[in-house]
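Hi everyone, thanks for coming. Let me put the structure up, and then we can walk through a few spots together.

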Amino acid sequence: MPLETLSRFVGQKVLITSCLLSLCRSVWSVLTVACEQTEVLLFDPISSKHIKTLSEAHEDCVNNIRFLDNRLFATCSDDTTIALWDLRKLNTKVCTLHGHTSWVKNIEYDTNTRLLVTSGFDGNVIIWDTNRCTEEGCPHKKFFHTRFLMRMRLTPDCSKMLISTSSGYLLILHDLDLTKSLEVGSYPILRARRTASSSDTTATSSSGPRAVGSPCHQNDSGPLSEKHMSRPSQREGGSPRNSLEVLTPEVPGERDRGNCITSLQLHPKGWATLLRCSSNTDDQEWTCVYEFQEGAPVRPVSPRCSLRLTHCIEEANVGRGYIKELCFSPDGRMISSPHGYGIRLLGFDTQCSELVDCLPKEAGPLQEIRSLYSHNDVVLTTKFSPTHCQIASGCLSGRVSLYQPKF
């Protein structure tokens with residue numbers, strides 16, 4: 001049931017994020033809201049008290065917010081910039097980062113190296129060294145480039161980078177090294193294929209998908225070119241650093257049609273990836289879970305395939321053309337998914353078991369645990385609190401709802 005509804009943002013699409021804030025030896029939860037009209041808002045989700053509005057955080061739509069620690073956070077925008085902020089001094093930005101040439105959509109952070117990783121619709125993944133940040137910005141280098149880039153994520157241990165595209169490809173950089181030769185022009189290629197299912201284990205030959213190759217050279221047949229397909233796919237004893245795998249994930253009902261991967265999330269324990277896919281004709285949407293399969297192919301001549309479809313569910317075909325952002329719960333047992341004018345809580349089984357305890361031999365349906373509806377417009381984003389039994393959702397008209405579900 002809804003705990004509280006925040007209706008301040010009427011007329012603005014919102015993106016919800018959350019983080020932990022340490023203050024006076026206590027742990028506080030801060031709900032941050034990125035708005036379409038240049039604003040960032042901060043709330044205490046327990047009391048619903050409005051803490052602060054950053055009225056001109058950017059010059060265009062704010063797309064994402066990422067906390068780097070308990071006080072610093074980054075925002076990115078359609079104005080092509082990234083901004084760093086300090087919770088102790090929100091009247092001014094710490095600095096503004098320039099490097100992208102189009103809308104910036106994603107922010108990731110490697111806590112071990114303190115490298116900020118961003119991606120945008122210019123197709124670039126850029127690395128920012130926050131260890132050497134000044135008021136003028138941070139040193140940065142282009143790390144990767146591909147056509148049709150939609151979303152980019154790092155696994156929790158930062159061992160892999162996943163990139164989804166609007167052309168239906170999923171790119172995986174294995175054994176990730178963000179500090180290694182960031183200006184490299186090509187990557188070792190792991191022969192890739194469509195994600196495996198019980199009925200599709202031999203349908204693809206070892207030649208891989210339609211196109212794989214250098215991330216810095218492209219053609220119109222796919223996200224990458226075929227220029228370097230003759231490179232060795234693997235070295236003896238394992239994959240080289242930053243080796244690239246290109247997949248076309250299996251989506252139910254989409255075998256003969258293209259699809260767009262609009263939302264990409266990672267299981268909090270790094271076991272799986274969660275995708276929201278829509279058909280090119282925009283008449284179907286699916287939420288799909290793919291288990292990571294580690295190790296080399298069983299046969300050296302076989303194409304590599306690191307993902308296996310385990311669970312899926314068809315979504316409501318409401319709000320065509322808008323991206324719906326879904327998420328895992330902090331323990332990874334549930335998925336919160338925008339569904340029409342509300343959200344659905346989904347589990348791998350009806351008992352909300354761990355993924356590893358209920359892996360099917362063949363892809364099975366996600367189970368609906370509970371539906372929550374309190375919006376009068378299409379829900380675009382949802383987020384679990386990392387500290388409380390609480391969920392937030394935001395809709396197209398700008399309304400934000402907080403829930404404390406009872407099972």
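The side chain of Asp349 makes a polar contact with the side chain of Ser353, at 2.7 Å. By polar contact I mean a pair of N or O atoms within 3.5 Å; within protein, one must be able to donate a hydrogen and the other to accept it, and residues adjacent in sequence count only if both atoms are side-chain atoms. Please keep in mind that this is a predicted model: local features need pLDDT of at least 70, side-chain atom pairs count only at pLDDT 80 or more, and totals for chains, interfaces and linings use all residues. Residues are numbered from 1 along each chain as its sequence is written, and side-chain values use heavy atoms, leaving out hydrogens and water.

Back to Asp349: a polar atom of its side chain also lies 3.0 Å from the backbone nitrogen of Cys352. Where does Asp349 sit? In the loop between β25 and β26 (364–365); strands here are DSSP runs of E, at least two residues, numbered from the N terminus. Not counting residues up to four places away in sequence, Asp349 touches Cys358, Gln367 and Ile369, with contact meaning heavy atoms within 4.5 Å. Asp349 and Gln367 are 18 residues apart in sequence, yet 5.5 Å apart C-alpha to C-alpha.

Now the sheet. Its four strands run in the order β23-β24-β25-β27, open and with antiparallel pairing; two strands pair if DSSP finds at least two bridges between them. The edge strands, β23 (327–328) and β27 (367–373), each pair on one side only. Between β24 (residues 334–339) and β25 (residues 342–347) there are six bridges.
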